[in-house]
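Let us walk through this protein together, one step at a time. Keep the picture open beside you as you read.

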Amino acid sequence: MAERGANIAASTEPGAPQDGRSSRRRGPETREGIHLAAIELFARLGYNATSMRAIASAAGVQPAAIYHWYSSKEAILVQLQDDFMERLTDKVVTAMERHDRPALRLAAAVREHVMFHGVHRLAAFVTDSEIRALTEGPRSALIAKRDDYQAIFSEMIRDGIRDGSLRASDAHVATYAILLQCTGVALWFDPRGPLKLEQVAELHIELVLGSLQASQELIAEAIDSVSRRVVATKQE
């Protein structure tokens, strides 16, 4: 990707100091500052071109403060990727559990996947693109987490095929295509654009269920049901 993703390189997630000034943060706040700085630098410059000293400067801490938390640059990357996968999985599973029917569960999962990637664009980009920078052990561990996550979607698709609401000749291939499409939001979504992220998420529900040959009535029901559950949850 020649420009490392046009929107991603130009945008930063909030909170990462940019001027290298000294910080009075302590404990968890220091760690969070290191995370935010590392995500921005890994996304903009690439993992290999980013030094520990550069992360410290961007985070506004002394280099020694980083080594208090992490023994190496790879340890930072692993933590960022693990955090991303854990938070994403938790969001998706929680949303799914509010529904019983496979198509509605899949719609809820698609919405949360798109929303999470649209909000955390830099972290999504780093988690996906910098898997190549990991050594064999951490790379295998991250791939296993991704495989487990993909299996959640494959199982929902198979359940929908079994109850007749969805159709696909191969649930695994359908899963790969759907997740690639939904994850791509992290590369192109711009919050300054004409559509809100919630609208983009609803369009992806329509696209995903449509690609699985769901009826128009079911697609409309899924979008309405997922949206109502999200509103209800926010009001609780």
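Two residues are in contact when they have heavy atoms within 4.5 Å of each other. With that in hand, take the contacts between residues at least 6 apart in sequence: 71% of them join residues at least 24 apart. Before going further, please note that this is a predicted model, in which local features need pLDDT of at least 70 and side-chain atom pairs count only at pLDDT 80 or more, while totals for chains, interfaces and linings use all residues. Residues are numbered from 1 along each chain as its sequence is written, and side-chain values use heavy atoms, with hydrogens and water left out.

What is the secondary structure of the protein made of? It comes to 12 helices and 0 strands, where helices (H or I, at least four residues) and strands (E, at least two) are DSSP runs numbered from the N terminus. Read from the N terminus on, the elements run α-α-α-α-α-α-α-α-α-α-α-α.

Next, the surface and the inside. The accessible surface of the protein is about 12100 Å², and 52% of it belongs to carbon and sulfur atoms; such areas come from the Shrake-Rupley method with a 1.4 Å probe, and for residues only the protein chains shown count as cover. A residue is called buried under 20% relative accessible area, exposed over 50%, and partly exposed in between (1.4 Å probe, protein chains only). Of the 236 residues, 47% count as buried.

In soluble globular proteins, nonpolar side chains tend to be buried together. A nonpolar core is a set of buried Ala, Val, Leu, Ile, Met, Phe, Trp, Tyr and Cys residues joined through side-chain atoms within 4.5 Å. The largest one here has 69 residues, and those with the most contacts inside it are Phe42, Ile55, Ile76, Leu106, Phe153 and Leu209. Helix 6 gives the most to this core, with 10 residues.

Now let us look at two of the helices. The expected span of a helix is 1.5 Å times one less than its number of residues. Helix 2 has 18 residues and should span 26 Å, and its end C-alpha atoms are 25 Å apart, which agrees. Its buried residues include Ile34, Leu36, Ile39, Leu41 and Phe42. Just after helix 2, Gly46 takes a positive phi of about 100°. Helix 5 has 24 residues and reaches 35 Å from its first C-alpha to its last, close to the 34 Å expected. Among the buried residues of helix 5 are Ile76, Leu80, Phe84, Leu88 and Met96. What covers the buried residues of helix 5? The cover includes helix 2 (28-45), helix 3 (52-59), helix 4 (63-69), helix 6, helix 7 and helix 8.

His117 is found in helix 6 and, at 3% relative accessibility, counts as buried. Leaving aside residues up to four places away in sequence, His117 touches Phe84, Leu88, Ala124, Thr183 and Ala186. The His117 side chain also reaches the backbone oxygen of His113 at 2.8 Å. Met156, in helix 8, is buried as well, with 3% relative accessibility. With the residues up to four places away again left out, Met156 touches Met96, Pro102, Arg105, Leu106, Ala109 and Leu166. Met156 and Arg101 are 55 residues apart in sequence and 9.2 Å apart in space, C-alpha to C-alpha.

A salt bridge is a side-chain nitrogen of Lys or Arg within 4 Å of a carboxyl oxygen of Asp or Glu. How many salt bridges does the structure hold? There are 9. In one of them, Glu221 pairs with Arg101, the closest N and O atoms being 2.6 Å apart. This pair links distant parts of the chain, 120 residues apart: Glu221 is in helix 12 (residues 216-235), and Arg101 is in the loop between helix 5 (73-96) and helix 6 (102-119). Glu221 is partly exposed at 32% relative accessibility, and Arg101 is partly exposed at 39%.

Asp128 and Arg146 also meet in a salt bridge (3.8 Å, N to O). Asp128 lies in helix 7 (residues 121-129) and Arg146 in helix 8 (residues 136-163), so the pair ties together parts that are 18 residues apart in sequence. Arg111 and Glu112 form another salt bridge, with the closest N and O atoms 3.2 Å apart. Are these two partners buried or exposed? Arg111 is buried, with a relative accessible area of 9%, and Glu112 is buried too, at 13%. Finally, Glu155, Arg158, Asp159 and Arg162 are linked in a network of salt bridges.

Conventions: A polar contact is a pair of N or O atoms within 3.5 Å; within protein, one must be able to donate a hydrogen and the other to accept it, and residues adjacent in sequence count only if both atoms are side-chain atoms.
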